[in-house]
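Morning, everyone. Please look at the structure on the screen while I talk.

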Amino acid sequence: MDTPSDPRTEELAGRLASLRDRVAAAAASAGRDPAALTVIAVTKTFELDDVRRLAALGVRDMGENRDQEAAAKAAAEPDLRWHFVGQLQRNKARSVAGYAAVVHSVDRPALAEVLDRAGRPLEVFVQVSLDEDPDRGGVAAADLPALADHVAGCEHLRLRGLMGVPPLGSDPDRAYADLAALAERVRRNHPGADALSAGMSADLEAAVRAGATHLRIGTALLGRRPTFLG
Ligand SMILES: *Cc1c(COP(=O)(O)O)cnc(C)c1O
């Protein structure tokens, strides 16, 4: 681990300050309380030292999208809050339940069941498909009510709300408005599902306008990833 004044720490501190300004401005222009917004640093593909640098700068919530990488980082930094945000295979779900505090990508009952069977308390966002493309993950809107009921009925899972990723090339304001409308419907039966995981580096303002509570931010905080690693 480098000293707090190494160049990468300086860079991350600058990016974090800019991001906080941007989030505060987005909240102000949407008439929302910035304290209601949780920024998750999506550290996928970046080294453990970057996680530690961000933690030293006060970031507690870290996001990852691959079990192997997430498990290693979480084992090294178990006191941080780990959010699993990627598409999840059933055979990795038990591992994820071992270190994650929050899973943002539950999109089918079988996945909820494996997570529940791990027996640890876990916060869950149900991921909704906003483009009806099953390859990108997310439950179809038609199957959402049943899945929300299923998650809410799992002993160790706590349904926090919905998560969505705007379709490639779409208007994020429209996509997030659709997501917020679905979330509103879910809340009629599950009033505690009052969180909304929406917003990435390119579109966080649109997400905040639509009521996001959990922003998943990679590039704006850490810089560009090698594109083939998503
Ligand atoms: C990588 C990733 C993010 C972060 O995206 P950026 O555009 O780098 O901010 C957010 N959500 C999910 C599901 C991701 O996989």
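Which exposed residues does the face of α3 turned away from its buried side carry? They are Q68, A72 and A75. Before I go on, two notes. This is a predicted model: local features need pLDDT of at least 70, side-chain atom pairs count only at pLDDT 80 or more, and totals for chains, interfaces and linings use all residues. Residues are numbered from 1 along each chain as its sequence is written, and side-chain values use heavy atoms, with hydrogens and water left out.

Some terms. Buried means under 20% relative accessible area, exposed means over 50%, and partly exposed is in between, with a 1.4 Å probe and protein chains only. Helices (H or I, at least four residues) and strands (E, at least two) are DSSP runs, numbered from the N terminus.

Back to α3, residues 67-76. Its buried residues are D67, A70, K73 and A74. Seen down the axis, they fall within an arc of 135°, so they line one face of α3. That arc is taken from the directions from the helix axis to the C-beta atoms. The buried residues of α3 pack against α2 (48-56), β2 (61-64), β3 (81-84) and α4 (90-99).

Now α6, residues 144-152. Here L144, L147, A148 and V151 are buried. They cover an arc of only 100° around the axis, which puts them on the same side of α6. Among the partners they pack against are β4 and α5 (109-117).

Next, H104. You will find H104 in strand β4, residues 102-106. Buried or exposed, what is H104? H104 is buried, with a relative accessible area of 0%. The side chains of H104 and S197 are joined by a polar contact of 2.8 Å. A polar contact is a pair of N or O atoms within 3.5 Å; within protein, one must be able to donate a hydrogen and the other to accept it, and residues adjacent in sequence count only if both atoms are side-chain atoms.

Last, the ligand. Which side chain has an N or O atom 2.7 Å from an oxygen atom of the ligand? That is K44. A polar backbone atom of G218 is 2.8 Å from a ligand oxygen. A polar side-chain atom of R225 also lies 2.8 Å from an oxygen atom of the ligand. On its own, the ligand has 390 Å² of accessible area, and the protein covers 86% of that. These areas come from the Shrake-Rupley method with a 1.4 Å probe; for residues, only the protein chains shown count as cover.

Methods
Contact = heavy atoms within 4.5 Å.
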